[in-house]
Amino acid sequence: MASASHRAFPRPSSAFRRRVEIAGQMTDMKKPRKESLPGSKHELGGLAAHEHRILLLQGGGALGAYHGGVYEGISEIGFSPDWVVGISIGAINSALIAGNPPERRVERLREFWGRMSAQAPLVLPEAMDFARPAMNRMAAASAMFFGIQGFFVPRVPPPQLSPEGTLAALSYYDTEPLRATLDELVDFDLVNSGKSGVRLSLGAVNACTGESVYFDSTTHTISASHVMASGALPPGFPPVEIDGEYYFDGGIMSNTPASYVGKDFRMDALVVQVDLFSGLGRMPANLDQVSERVKDIQFQSKARYSLDEARELEAIRSSLAAVLAKLPAKLRSDPEVRKLEHISRRGRLTVIRLVNRHDTKSSDFKDYEFSRATVNDLWLAGHDDVRRVLERPDTCRITDIGNGFRVLDL
């Protein structure tokens, strides 16, 4: 199975690393560097000179193959995260990364996505691309009626005929096959021992309290259940019980885990945020496109709308620091002043945002269309987006929030 799934993905040529080296000489982002990328019109130097390297993976079902391509691209230039945070399909990909040694992470991602797309393995030649939308619709219908092997299967009998109050009555599909897949492909002992050097955080929502919850390897013993809870999107998938509480997909509340990472404002970090839904799009021309746009807007990252708030907060932080600097020395030891000094300084933060804008020709069912052709395309799109950024860093839009906080939209 492994060898078949590996052949399913076109591998980039060995020339990619050479292009990376020529473009930026950034073959190891673990080591602090101060020089800027040659040929760049922006000062992108020092991106690697952060204490932490964080990877944020958004939810989005079948679109999560894009995560795999991005991770392969950034791993080829030596970017190795020490913290991976994911929601829904992002939680699954995060577990595959954190739960394997560096040399096996891309292999495990390829294995997982090869299995997910094995049910619709046909890849049409380019001359028959006109038939792609119809093929994608059939692949989505197959997933809906028959499930995805190793992920979910339809409930028999259906939930309407199951006893009320049971898990079988709460969802159309059973996700227990995913548990077996995760236990096979993820080394949870490695995650929980801390030996991988990667912190893992998975976002979910408490089904009864409605509160956002993150299962963090620094505070929880992570298992397949925690990953499944993060991806328990109702009414398709059932809630997952953990320690007597039931949890739904974290994307119900927030599909991007940026807020969880942002709580530690003193942290010095380089964050790579990978979004699967784009808020930017064309005016719909038909009902299918209306449904697709609604889904994109509903599950997009809300970060675009918080930049103005972030600027205001950093401006207040700067003003507070200026006022504190004017206080006489005898007041500096006051406990209340020390609290204010603590919040008046933040760590350097660089956020690089990659957004999947690839048209899979799957309309509003793109998040459950697992065909081999679409998975391949999404994987390559993620990899190509990383490559284009390295070859043309001058195309990055840089937003300076203030106090060492920068956002790069790629």
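**Close-up 1. Aspartate 216 and its salt bridge with arginine 199.** In this predicted model, aspartate 216 counts as buried because its relative accessibility is 1%. Its side chain meets that of arginine 199 in a salt bridge, with an N to O distance of 2.7 Å. The pair links distant parts of the chain, 17 residues apart: arginine 199 lies in strand E5 (residues 199-206) and aspartate 216 in strand E6 (residues 212-216). Arginine 199, at 28% relative accessibility, counts as partly exposed.

**Close-up 2. Salt bridge between aspartate 409 and arginine 353.** The two side chains meet at 2.8 Å, N to O. Aspartate 409 belongs to strand E12 (residues 405-409) and arginine 353 to strand E10 (residues 349-355), 56 residues apart. Both aspartate 409 and arginine 353 are buried.

Close-up 3. The closest N and O atoms of arginine 388 and aspartate 385 are 2.4 Å apart. The residues are 3 apart in helix H14, so about one helical turn separates them. Arginine 388 is partly exposed at 42% relative accessibility, whereas aspartate 385 is buried at 15%.

Close-up 4. Arg132, Asn136, Ala139, Ala140, Ser142 and Ala143 are buried. Seen down the axis of H6, these buried residues fall within an arc of 155°, so they line one face of the helix. They pack against strand E4 (173-174) and helix H14 (372-391). Met138, Phe145 and Phe146 are exposed on the other side of H6.

Note on methods: Residues numbered from 1 in each chain as written. Predicted model: local features only at pLDDT ≥ 70, side-chain atom pairs only at ≥ 80, totals over all residues. Heavy atoms only, no water. Buried < 20%, exposed > 50% of the residue type's maximum accessible area, 1.4 Å probe, protein only. Helix = DSSP H or I, 4+ residues; strand = E, 2+ residues; numbered from the N terminus. Arc of directions from axis to C-beta. Contact = heavy atoms within 4.5 Å. Salt bridge = Lys/Arg side-chain N within 4 Å of Asp/Glu carboxyl O.
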